[in-house]
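Here is a short report on one protein model and its ligand. Keep the sequence and the 3D view open while you read.

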Amino acid sequence: MDTSAEPPTVGYGDLVLIYIDERRRHVVRVEEGRVFGSDKGTLRLDDLVGLPYGSRVKLSTGVEALVLQPLLDDLLSLAYRRKSQVIYPKDLGFILYIADIAPGKRVLEAGIGSGFLASVVASRLRPDGRLYSYEVREDMASIARRNLETAGLLDMVEIKVADVRRGVEERNLDACLLDMPDPWNALESVYEALKPSARLVVFVPTINQVERTVVGLERHGGFVDIHAVELMLREYQVKEGSVRPATRMIGHTGYIVYARRV
Ligand SMILES: C[S@@+](CC[C@H](N)C(=O)[O-])C[C@H]1O[C@@H](n2cnc3c(N)ncnc32)[C@H](O)[C@@H]1O
């Protein structure tokens, strides 16, 4: 915990969030001589060094911007490369809760994809937990590696380019998270790796996959307390005298199936 009385200030090498308005939010690294540019004007990043986060600055055109410290949410949505389908915030929060992700836990994941779920999990495992991520595609593993490095989380994750269906090396793990097309084919690997009582959490985009996963879990016999859920999130447009749901929403992401290993 940062207990210093002084608010943090911008330094060379920092990632900063330049917030101009709701649609113009940019994560950039502060490097000597670098100039940030947008349709609203430019900004010399050298001029930010030493400013407290939260400061207001002026772009070359006189338009105001805020200099903020990026949260993990900003990095995922603005700085990460996305080469696969990724897990969205509404599902990420529930997955962390139901899998009981906490500091010190040892967790299995497959596949890592772009590393969105891995990043959120890894950030909650600090300081002494470990995420073991199995990924069949080397190109996906390298994108995830780069994204995790951007967030400073790569040291928390062991990425293995391997097929989770062929078995895993780890044992007595605290949780397992599967986001892959055929999770029902990985159940024996998960069963071997998880410690009794621990949760398996599966994310799948179609209801057909939900059925195959639940039937697979029941037939396997090593899992109990099986649930399938879908979460919905609706943003509100709040103006004085006119409060209503926003016109657009993300209508579908996927389903979450969870169970306990016995
Ligand atoms: C939808 S992506 C995962 C996205 C990730 N959860 C995220 O939030 O960025 C699915 C990934 O699973 C990987 N995959 C598919 N089958 C696999 C298997 N049998 N073992 C390991 N990884 C697998 C794919 O290559 C792909 O990268």
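## Serine 55 and the overall fold

Serine 55 has its place in strand S5 (residues 55-58). Helices (H or I, at least four residues) and strands (E, at least two) are DSSP runs, numbered from the N terminus. Serine 55 is buried, at a relative accessible area of 15%. Buried means under 20% relative accessible area, exposed means over 50%, and partly exposed lies in between (1.4 Å probe, protein chains only). The side chain of serine 55 reaches the backbone oxygen of proline 52 at 2.5 Å.

A word on the source. This is a predicted model, in which local features need pLDDT of at least 70 and side-chain atom pairs count only at pLDDT 80 or more, while totals for chains, interfaces and linings use all residues. Residues are numbered from 1 along each chain as its sequence is written, and side-chain values use heavy atoms, with hydrogens and water left out.

The chain holds 6 helices and 15 strands. Its C-alpha atoms fill a box of roughly 65 × 45 × 35 Å, taken along the principal axes. Of its 262 residues, 44% count as buried.

Serine 4 lies in the segment before strand S1 (15-21). This serine 4 is partly exposed, with a relative accessible area of 45%. Serine 4 and isoleucine 256 are 252 residues apart along the chain, and their C-alpha atoms are separated by 41 Å.

## The ligand site

Which residues come nearest to the ligand? Of the 23 residues around the ligand, they are Phe116, Leu117, Glu135, Asp163 and Asp179. Near means that a heavy atom of the residue lies within 4 Å of the molecule. By class, this shell has 12 nonpolar, 6 polar and 5 charged residues. Ala, Val, Leu, Ile, Met, Phe, Trp, Tyr, Cys and Pro count as nonpolar, Asp, Glu, Lys and Arg as charged, and the others, Gly among them, as polar. Helix H3 (116-125) and strand S8 (130-135) each supply at least two residues of the shell.

| Protein side | Ligand atom | Distance |
|---|---|---|
| Phenylalanine 116, backbone N or O atom | oxygen | 3.1 Å |
| Valine 136, polar backbone atom | nitrogen | 3.3 Å |
| Valine 164, backbone N or O atom | nitrogen | 3.1 Å |

Taken alone, the ligand exposes 610 Å², and the protein buries 90% of that. These accessible areas come from the Shrake-Rupley method with a 1.4 Å probe.

## Helix H3

Phenylalanine 116 lies in helix H3. At 4% relative accessibility, phenylalanine 116 counts as buried. Its C-alpha atom is separated by 8.3 Å from that of tyrosine 80, 36 residues apart along the chain.

Why is H3 largely enclosed by the rest of the structure? The reason is that 8 of the 10 residues of H3 are buried. They are Phe116, Leu117, Ala118, Ser119, Val120, Val121, Ala122 and Leu125.

## Aspartate 174

Aspartate 174 is found in strand S10 (residues 173-178). Aspartate 174 is buried, with a relative accessible area of 16%. Its side chain makes a polar contact with the side chain of lysine 195 at 2.6 Å. A polar contact is a pair of N or O atoms within 3.5 Å; within protein, one must be able to donate a hydrogen and the other to accept it, and residues adjacent in sequence count only if both atoms are side-chain atoms.
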